[in-house]
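Reader: Hi, could we go through this structure together, slowly please?
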Amino acid sequence: MGRRRRPVDPAAGARAGALPEAIAALSQSLPSGPSPEIFRRAKFDRPEATPALWQLLFRVLAPLPLDNRLASLAPEVQARLVKSALRSQGYPRLALAQLPEDGSQGSRELLLALSWLLARGPVLEQMLAQTRVPLGDEMTVCQCEALASPGPPAPQVRAEDPVDVRHVQWLMGKLRFRWRQLVSSQQEQCTLLSKIHLYTSGCHGDHSLGHLSVAEAEMLRDPEGGQQVRWELPRNLDLAYPKGLHFSWTPGMGPRTFWKDLYQACCWVTGGSLGSWWDSACSLLSPLRALLRTLECENRRLEAVLAWRRTELVFWRWMDTVLDTCVLGVPAAASQGTFLPQIPECSGGVLELVAWELRALQEELQEAAEHRRAAWEAKAGGCGRGPEWSAVRRASREAVEKELGALRRCWEQDRDPAQPHVPHRLVRREDGAAGDRDLRAAEVIRTLRSQEACLEAVLHQLQGQCRQELARLAGALPGLIWIPPPGR
Amino acid sequence: MLPRDCSRRLMAELQGALDACAERQLQLEQSLRVCRRLLQAWEPTETRASEPPPGPETNEEDPSPACAPSPQDLKELEFLTQALEKAVRVRRSITMAGETDKAPSLKSRSTVAPPGAIAFAPPQTPGQAGGHASDTRPTKGSCQTTVPPKGHSERQLLSLGDKTRVRTGARAPRPGPGLRDQQMAPSAAPKAPKAFTLKEKGHLLRLPAAFRKMASQNASLWAQLSSMQTSDSTDATAAKTQFLQNMQTASGGPQPRLSAQEVEAETGRLWKACTLLRLRMREELSAAPMDWMQEYRCLLTLEGLQAMVGQCLHRLQELRAAVAEQPPRPCPMGRPPRASPSCGGGADPAWSPQLLVYSSAQELQTLAALRLRVAMLDQQIHLEKVLLEEEVGGLERRRTQG
């Protein structure tokens, strides 16, 4: 143990036994978590603990679900991605950036990085929530992540062919058509879902739910998946869970079917040995049993996380001591060099756009406000300036300030109280009664309607701006054909 | 023609949007297939006797590793079926003599089910020990109620039937309701009569006990996790904050600068602010003031909005300065930034799955349709933004180039 700079906590001795417990809970709650031994070795910066910690950090930082592409990356590449991810999150220690990527040293630094991540946010819960096996028919109300274009655009070097305006217009028409298709399929899905819920009402053991979900009914109908012709990768299983309503997948991966979730969950559990294990397991276990196994694993991990939450205090005190033992090397600040490939991302572009928008808005407001002020002065100049008048003015001012304050909170607040991002389980009830934490469809509809109105306004405004800009610049550049924005 | 660099990004975005739509359509169709199949009559599944089970997994709970019924078992089965048929006949004669209220149900059972085999599909769960009555109900066949035990001998026959079925059962035990009664049928009796439909018999379904136990455990654990989250121990939080601070000071690096994520998040917020402010301005300008007080408030609001825009611009300048001096490299593993103007965003306080309660099919349809509409508008806005960015940027570049 290194020399401590802080006075020894008198009660620490009494809690000494709690540390192994805490570390054990932590290691059990992490997916394919490293053994508690690794943590201890890392404190002493033993090299053998390094590869496991690199892998763990990669797991924690990588966007879920871990598809084949990411999982099969070489350890060096994974290490590089970890460094980059930590940097982009603002990890303060420079020593990490200088670690060799071959996993030969640096386990203590990695341990510190892991603890840093754990301290900043509910990482364990988030990971569990992402790999949770959904048993019900789930719907995420807000789909802001669902429609992000899949990953960074592949650098298809077709820059040689000039793009025809008509091609773009054709693509836009195609997109409109696809949306219409989606809408009609969605409507049918809702009717069917509603029927299934209705017909199975009264079945569920849990009375707050009342009826079966499609996944549960499917499990009853065909618990062995016997109607499969072949056991292929879960993607092709016909026991697809109605994720059509649940769109919270991350860009770049395939449809999240019920069984694919199982697959992912099993992979997490088994430490990521993909492919052949699953195939052979599939031929052995019925889907029902596979599900039960996965649930069991999830329950165990949940218990581990709960244990961790109870005992984590000891861990944080211990981490302070680990930090103490680190030699305070002073890395040259200039050595931040470009060890990462420069990604030609136009993150500055968005800032510019926002700046442009804000400036335009400011001009408009200035004009409008001055105009109104002048009109007001002219009108109200004649009114008396009695105490009654000033009281009224004060009242108005306060009311306006309150309104504007509420408006400001709309964008400053990070949390939406309605929690639209969490997937919710659909439950049909005749009376529509719901608990406090549950959402009611009627309310959600109201919120969505107002969102719709807001978005329509924004869209119209954007389209107008587009037209204006193009007209302006087309004037400046002769011979330029401009695409009329798709009319609605 | 579009300028090349402009077109590339637009095309990529369009293609991405098309692909995303196609994926969703695929998913929807898959789940539609599942739902339609559920609502039709449930077909009896064939036994999977074709593939013998390798490995130890299945044999844990399976009392016997036999995959195909041996000839002796089949014979026993036939014998058993005959015995059951006889029992039905006996019972029918008894009930006809006696209880009138039971008669219709028996009669219906017997008319619907040819002698014995299916009518006596006892609701047992094979694979679990012996013939103890389980709480799962038959989901196939015609029994509306569990067979009232009429005689000791019958009971014995029933339990015997279980054991036989267990032995000749599928290679994987089925901790589910007795759907596989058909296995008894092929050798002895004609096919199952009325197929099972969700519409008529759906409310009889019961989930397997093992599953229910797991699921309720799962739900309660998640609930515990959520409640623990909200009532977070202050000691632990203090310790964490302390640790983070120590990390910061011990790092020996420069003062904390804005990370790429923070810049993104901040930019998104400013974008949202801009949109909301603009909308509010529109509202105020379009409202016709009734009296001078309203007019005054309108004026104050506009001036207040103006001040807020000024603050936002100021914040933006600060961001720009921070970005310029140390360009935060965006992480290739992160998600592409999408600041939707209407979205709340941010961390989720609760982990346990919450309910979304609806009361009718129409309501659900409206909800889903609106959801799609919002998503579509979001996408359109994004495309317009891309177009605008590319136009403004690309054409400006062209102009400066000459």
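Reader: To start with, how many helices and strands are there in chain A?
Author: Before I answer, please keep in mind that this is a predicted model. Chain A has 15 helices and three strands.

Reader: Okay, and what share of the residues in chain A is buried?
Author: Of the 488 residues in chain A, 52% are buried. If you look at contacts in chain A between residues at least 6 apart in sequence, 71% of them join residues at least 24 apart.

Reader: What about the secondary structure of chain B?
Author: Chain B comes to eleven helices and one strand, and along the sequence these follow the pattern α-α-α-α-α-α-α-α-α-α-β-α. Buried residues account for 49% of its 402 residues. For contacts in chain B between residues at least 6 apart in sequence, the share that joins residues at least 24 apart is 78%.

Reader: Back to chain A, then: at what angle do α3(A) and α5(A) pack?
Author: Helix α3 of chain A, which covers residues 50-61, packs against helix α5 of chain A, residues 75-89, at an angle of about 55°, and their axes are 9 Å apart. The two helices α3(A) and α5(A) are therefore oblique to each other, and their crossing is left-handed.

Reader: Which residues of those two helices meet?
Author: From α3(A) there are W54(A), Q55(A), L57(A), F58(A) and L61(A), and they meet a set in α5(A) that includes Q78(A), A79(A), L81(A), V82(A) and K83(A). In the contact of α3(A) with α5(A), nine residues are nonpolar, three are polar and one is charged.

Reader: And how far apart are the axes of α2(A) and α6(A)?
Author: The axes of α2(A) and helix α6 of chain A, residues 107-120, are 7 Å apart, and the two helices pack at an angle of about 115°. On the α2(A) side the contact is made by F39(A), R41(A), A42(A) and K43(A), and on the α6(A) side by S107(A), R108(A), L111(A) and L114(A). The residues of this contact between α2(A) and α6(A) divide into four nonpolar, one polar and three charged. The crossing of α2(A) and α6(A) is left-handed.

Reader: Changing topic, where is D45(A)?
Author: D45(A) sits in the loop between α2, residues 36-43, and α3 of chain A. Its phi is positive, at about 60°, although D45(A) is not a glycine.

Reader: Is D45(A) partly exposed or buried?
Author: D45(A) has a relative accessible area of 32%, so it is partly exposed.

Reader: What about P423(A), where is its place?
Author: P423(A) is in the loop between α14 (387-412) and β2 (424-428) of chain A. With a relative accessibility of 13%, which is under the 20% limit for buried residues, P423(A) counts as buried. In sequence P423(A) and V141(A) are 282 residues apart, yet in space the pair is 7.2 Å apart from C-alpha to C-alpha.

Reader: Which residues of chain A does UniProt list for a domain?
Author: An unreviewed UniProt entry lists residues 90-234 and 288-324 of chain A for "domain: Tubulin epsilon and delta complex protein". Over residues 288-324 of chain A, the chain is 100% helix and 0% strand, and the C-alpha atoms at the two ends are 50 Å apart.

Reader: Last one: which residues is M214(B) in contact with?
Author: If we leave aside its neighbours within four places in sequence, M214(B) is in contact with L292(A), L295(A), E296(A) and N299(A). M214(B) itself lies in helix α7 of chain B, residues 209-230, and at a relative accessible area of 17% M214(B) is buried.

Conventions: Residues numbered from 1 in each chain as written. Chains lettered and ligands numbered in written order. Predicted model: local features only at pLDDT ≥ 70, side-chain atom pairs only at ≥ 80, totals over all residues. Heavy atoms only, no water. Axes fitted to C-alpha atoms, helices over the stretch in contact; angles between N-to-C directions. Helix = DSSP H or I, 4+ residues; strand = E, 2+ residues; numbered from the N terminus. Parallel < 35°, antiparallel > 145°, perpendicular 65-115°, else oblique. Left-handed = near helix turned anticlockwise from the far one by under 90°. Contact = heavy atoms within 4.5 Å. Nonpolar A, V, L, I, M, F, W, Y, C, P; charged D, E, K, R; others polar. UniProt positions renumbered as here; feature names shortened; annotations may be inferred. Buried < 20%, exposed > 50% of the residue type's maximum accessible area, 1.4 Å probe, protein only.
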